[in-house]
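Subject: Structure for you to look at

Hello,

Here is the structure I said I would pass on. Please open it and keep it in view while you read the notes below.

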Amino acid sequence: MSTAINFSAGPAMLPAEVLQRAESELSEWRDSGMSVMEMSHRGKDFMAIAEKAEADLRQVMQIGDDYKVLFLQGGATTQFSMIPMNLANGQTASYINTGAWSKKAIAEAQRICEVKIAASTEDSNFTCVPTQKEIEVDSDASYLHYTPNETIGGVEFHYIPDSGELPLVADMSSTILSRPLDVSQFGLIYAGAQKNIGPAGLTIVIIREDLLGLAPINTPSMSNYDVHAKSGSMFNTPPAYTWYVAGLVFEWIQERGGLAEMANRNRRKSSKLYHVIDESDFYNNPVRADSRSWMNIPFTLADAELDKVFLEKAEAESMYYLKGHRSVGGMRASIYNAMPEDSVDQLIEFMQQFEKQHG
Ligand SMILES: *Cc1c(COP(=O)(O)O)cnc(C)c1O
């Protein structure tokens, strides 16, 4: 059993129960005589695994029949270009800029279409999300893109922006499955798996059916949503093992009461950590209270000289990957669904002790 408490932003920790289940089925899946890793993706055993994973995700997220769920490769980063390739049709696209991941999405889109910025919080050094009033959607644009959770800055939307008539497109890589979501408000939702879904290598795309078939004729097949939708995500070999582990994670969520219960846990875990940061003069989080992430919590120490000692002492207590992103500095605790509440308690206790010794 792994004993580390893993605060990594991604790849992130998986639920212990999922790892145990995967381990027990590793060399032979049920009575199939082989590992999931060895199966043909078109055989009946893997087809059953794949279909169950999709059905469970649909159940957990309450995804309507008018959406396709795609299991792709290439990470969220590939979606940065696939989205404008399929949806922009050489026209403009509208983007909200709330930090590092928005910027990357914008930079890729600019290779393909004209980008108009509907709102940017750069003036605040990306320490908040815009209010609805601050978002100016260009009604001629082909879609509005935003990043509901900025994994690096620890900034999160706690509302769904109104995109008017435009399809709303969301990079949910670091917040998908963290709480209930009204999928019907979105045209397209995408997420790399390695934060809240499963191991790296899988990208989930949830796309409303009327947005399929819009890609120009010269679009490469692998970049065309319609091709993947028509082939049930089996145009080529899908990330089969990751798809299977993601299915175990969806079952794990169901067994624990679904997204409502995930939201309860995530709200509790994050608010106790923010509370400790806010109560102390030693720790600081710069994000505006209404825009704070439930998933990624960056914080600085009063004296950056202590960062190294903090990280060393944390590791001595089996707490790993607390170092903040190089662009932000300080610390960052990523506490996705799989992070148990008592591990957050352990971090809090450690932080309070550290402050007593060094504050
Ligand atoms: C991690 C992350 C990405 C990049 O995902 P890859 O799967 O590595 O391409 C994109 N957007 C957000 C919000 C992320 O957290």
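Predicted model: local features only at pLDDT ≥ 70, side-chain atom pairs only at ≥ 80, totals over all residues.

The ligand

The shell around the ligand holds 13 residues, and those that come nearest are Thr77, Thr151, Asp171, Gln194 and Lys195. By type, the shell divides into three nonpolar, eight polar and two charged residues. Helix α3, residues 75–87, supplies the largest share of the shell, with four residues.

For threonine 77, an N or O atom of the side chain is 2.5 Å from an oxygen atom of the ligand. For glutamine 194, a polar side-chain atom lies 2.9 Å from an oxygen atom of the ligand. How much of the ligand does the protein bury? Taken alone, the ligand exposes 390 Å², and 87% of that is buried by the protein.

Threonine 147

This residue sits in the loop between β5 (144–146) and β6 (149–150). Is threonine 147 buried or exposed? Threonine 147 counts as buried because its relative accessibility is 1%, and the cut-off for buried is under 20%. Leaving out residues up to four places away in sequence, threonine 147 touches Thr98, Trp101, Ser102, Phe157 and Asp171. With one of these, serine 102, threonine 147 makes a side-chain to side-chain polar contact of 3.1 Å. Another of them, Asp171, is also among the residues that come nearest to the ligand.

Glutamate 25

Glutamate 25 also lies in a loop, this one between α1 (16–24) and α2 (44–61). Its relative accessibility is 11%, so glutamate 25 counts as buried. Beyond its neighbours within four places in sequence, glutamate 25 is in contact with Arg30, Tyr244 and Leu248.

The cysteines

A disulfide is a covalent bond between the sulfur atoms of two cysteines. How many disulfides does a search of the whole structure find? The search finds zero. Cysteine 113 is buried, with a relative accessible area of 8%. Cysteine 128 is buried too, and its relative accessible area is 9%.

Regards

Terms used. Residues numbered from 1 in each chain as written. Heavy atoms only, no water. Disulfide = S-S within 2.5 Å. Buried < 20%, exposed > 50% of the residue type's maximum accessible area, 1.4 Å probe, protein only. Helix = DSSP H or I, 4+ residues; strand = E, 2+ residues; numbered from the N terminus. Polar contact = N/O pair within 3.5 Å; in protein donor to acceptor, adjacent residues only side chain to side chain. Contact = heavy atoms within 4.5 Å. Near = heavy atom within 4 Å. Areas by Shrake-Rupley, 256 points an atom, 1.4 Å probe, with all protein chains shown as cover. Nonpolar A, V, L, I, M, F, W, Y, C, P; charged D, E, K, R; others polar.
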